[in-house]
Amino acid sequence: MKRGEIRPGEVAGAAPDRADAALAFIGRIRTPFATREDCPRQGSPDGPVCRVEVDAPWRTGLTGLAAGARVELIYWMHLARRDLLLQVPRDARAPLGTFALRSPNRPNPIATSLATVVEVGDGAVVVRGLDCVDGTPLLDIKPERRGSQ
Ligand SMILES: C[S@@+](CC[C@H](N)C(=O)[O-])C[C@H]1O[C@@H](n2cnc3c(N)ncnc32)[C@H](O)[C@@H]1O
């Protein structure tokens, strides 16, 4: 499918026409996935190593993160559409609402993944468990919530 096309049954509305909050990208995620088609649907613990690069002003914030930790990565799907209301996932028979899906296409294209830290150092966190295109902007890193799986 070409960029900008939608599938039969999908419905687009208007993309957000205003910004209610300001976000700042704090780095970028380096992955072996050059395009969206190359990415897995969701990251997996035995996926390839990816490098979460944190910009210099925020690096002190990595203090305490260590290999073996599980972290929730929050990132901005910069190539996503922001106007889709109904979507037809590849394996679905009928359209589903954007808020019933984990599709990257949503009004605010925020994605999350739980990843395992392989190594921390040099302003970067090396992890396994990601599903995004190389260069995807990073919004936040949080330790896994206690008690979650
Ligand atoms: C289904 S989403 C899941 C994202 C996240 N794990 C979540 O559940 O919030 C993952 C898909 O988003 C697409 N994708 C990856 N990086 C993207 C980017 N930077 N912009 C738009 N789409 C992207 C790829 O097709 C990938 O398979």
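Where is the place of D122? D122 sits in the loop between strand 7 and strand 8 (124-128). Strands here are DSSP runs of E with at least two residues, and helices are runs of H or I with at least four; both are numbered from the N terminus. The phi angle of D122 is near 60 degrees, a positive value in a residue other than glycine. D122 is exposed, with a relative accessible area of 72%. Exposed means over 50% relative accessible area, buried under 20%, and partly exposed in between, with a 1.4 Å probe and protein chains only.

The model is predicted: local features need pLDDT of at least 70, side-chain atom pairs count only at pLDDT 80 or more, and totals for chains, interfaces and linings use all residues. Residues are numbered from 1 along each chain as its sequence is written, and side-chain values use heavy atoms, with hydrogens and water left out.

The chain contains nine strands and zero helices. Its elements run β-β-β-β-β-β-β-β-β from the N terminus on. The radius of gyration is 16 Å, close to the 15 Å that the globule rule gives for 149 residues, so the chain is as compact as a globular protein of that length. That radius is taken over C-alpha atoms, and the rule is 2.2 Å times the number of residues to the power 0.38. Along the principal axes, the C-alpha atoms fill a box of roughly 45 × 35 × 30 Å. Buried residues account for 33% of the 149 residues.

Two strands pair if DSSP finds at least two bridges between them. I74 stands opposite T112 in strand 7.

Three other strands are arranged as an open sheet in the order 1-5-6, again with antiparallel pairing. Strand 1 (11-12) and strand 6 (96-97) are its edges, each pairing on one side only. Strand 1 is joined to strand 5 by two bridges. V11 lies opposite L86 in strand 5.

The largest pocket holds about 1,200 Å³ of space. A pocket is an open set of points on a 1 Å grid over the protein atoms alone, where a 1.4 Å probe fits, with protein on both sides within 12 Å along at least five of seven lines; lining residues have an atom within 4 Å of a point. Volume is the space filled by probe spheres set on the points, which are joined across faces, edges and corners. Of the 38 lining residues, R36, R90, S103, P104 and N105 are the closest to the centre. Strand 5 (84-87) and strand 7 (110-121) each supply at least two lining residues. Strand 7 gives the largest share, three residues. The lining comprises 17 nonpolar, eight polar and 13 charged residues. Nonpolar covers Ala, Val, Leu, Ile, Met, Phe, Trp, Tyr, Cys and Pro; charged covers Asp, Glu, Lys and Arg; the others, Gly among them, are polar.

The second largest pocket holds about 290 Å³. Its lining includes P16, D17, R18, W76 and I110. By class, this lining has six nonpolar, one polar and four charged residues.
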